[in-house]
Amino acid sequence: MPVHYPQLRDDLHDIDAVLSPSEAQGTLIGLWLGKGHASESEWLSELSDEASPNIMPASLKAMYAEVINQITTADNLGLSLIFPEDDQPFGDRLMALIEFAQSVLYGYAIGKGPDPAQLSPEAKEVFDDLQAIAALDDEVDHTHDDEEDEINLYEIINYLSAALIVMYINIHPPVPSDGTASRPH
């Protein structure tokens, strides 16, 4: 089942979550980066105090399954990150990127991820990039080329898609089994 931003937004609202779909996905990814594993119920408890795992909307179950599949599949080169559609205002999409980075860092912290100073250089670079993105100013400057901003946003999202997999692999190296490597889950 493809996961769409508007449906996720509505379903998060229905379970009294105050997070956007980008923040919900970022929290999940951060939990996995920090812990190496997080159950649906652990993630759901971070999304809403009121939600019951028994009534988790199908779109959130699909998001969870998709992220976990992408993180743990050995030949996957990137995550399908969930952001507002391209037809939404640039400022909204920029804010979603900032909130996503903040949520990845939050999930990493509550997942008790390794001290960033102890990370491999590759993982530390991704961690530092997340911190820099999380600290961006969400004010949109309309005095320069909007097309350049669009390209930059697109490139950052694509970078994070692959970089978060690299970070996960560096923190939780693949475990050989039967001559093939798979990521732990």
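Residues are numbered from 1 along each chain as its sequence is written, and side-chain values use heavy atoms, with hydrogens and water left out. Because the model is predicted, local features need pLDDT of at least 70 and side-chain atom pairs count only at pLDDT 80 or more, while totals for chains, interfaces and linings use all residues.

The chain has 7 helices and 2 strands, where helices (H or I, at least four residues) and strands (E, at least two) are DSSP runs numbered from the N terminus. Along the sequence the order is α-α-α-α-α-α-α-β-β. Of the 185 residues, 45% are buried; buried means under 20% relative accessible area, exposed over 50% and partly exposed in between, with a 1.4 Å probe and protein chains only. Among contacts with a separation of 6 or more, 72% are between residues 24 or more positions apart, contact meaning heavy atoms within 4.5 Å.

Two packed helices are described by the angle between their axes and the distance between the axes. Here the axes are lines fitted to C-alpha atoms, for helices over the stretch in contact, and angles run from 0 to 180 degrees between N-to-C directions. Helix α2 (residues 21-35) and helix α3 (residues 40-47) have axes that come within 10 Å and cross at roughly 130 degrees. That makes α2 oblique to α3; angles under 35 degrees count as roughly parallel, over 145 as roughly antiparallel, 65 to 115 as roughly perpendicular and the rest as oblique. In this contact, A24, T27, L28, L31 and K35 of α2 meet E42, W43, E46 and L47 of α3. These residues divide into 5 nonpolar, 1 polar and 3 charged, with Ala, Val, Leu, Ile, Met, Phe, Trp, Tyr, Cys and Pro taken as nonpolar, Asp, Glu, Lys and Arg as charged, and the others, Gly among them, as polar.

Helix α2 also packs on α4, at an angle of about 40 degrees and with the axes 11 Å apart. The two helices are therefore oblique to each other. From α2, the residues P21, A24, Q25, L28, I29 and W32 meet M63, Y64, V67, I68, I71 and T72 of α4. This contact has 10 nonpolar, 2 polar and no charged residues.

The largest nonpolar core has 54 residues. Such a core is a set of buried Ala, Val, Leu, Ile, Met, Phe, Trp, Tyr and Cys residues joined through side-chain atoms within 4.5 Å. W43, L130, L164 and M167 have the most contacts inside it. Helix α5 gives the most to this core, with 10 residues. Neighbours within four places in sequence aside, L130 is in contact with A101, V104, L105, L160, L164 and M167. V126 lies in helix α6 and counts as buried because its relative accessibility is 4%. Not counting residues up to four places away in sequence, V126 touches Y159, A163, L164 and M167.

Most residues other than glycine have a negative phi, and most peptide bonds are trans. D16, in the loop between α1 and α2, has a positive phi of about 65 degrees although it is not a glycine. K112, in the loop between α5 and α6, has a positive phi of about 55 degrees and is not a glycine either. D16 is exposed, with a relative accessible area of 52%, and K112 is exposed at 70%.
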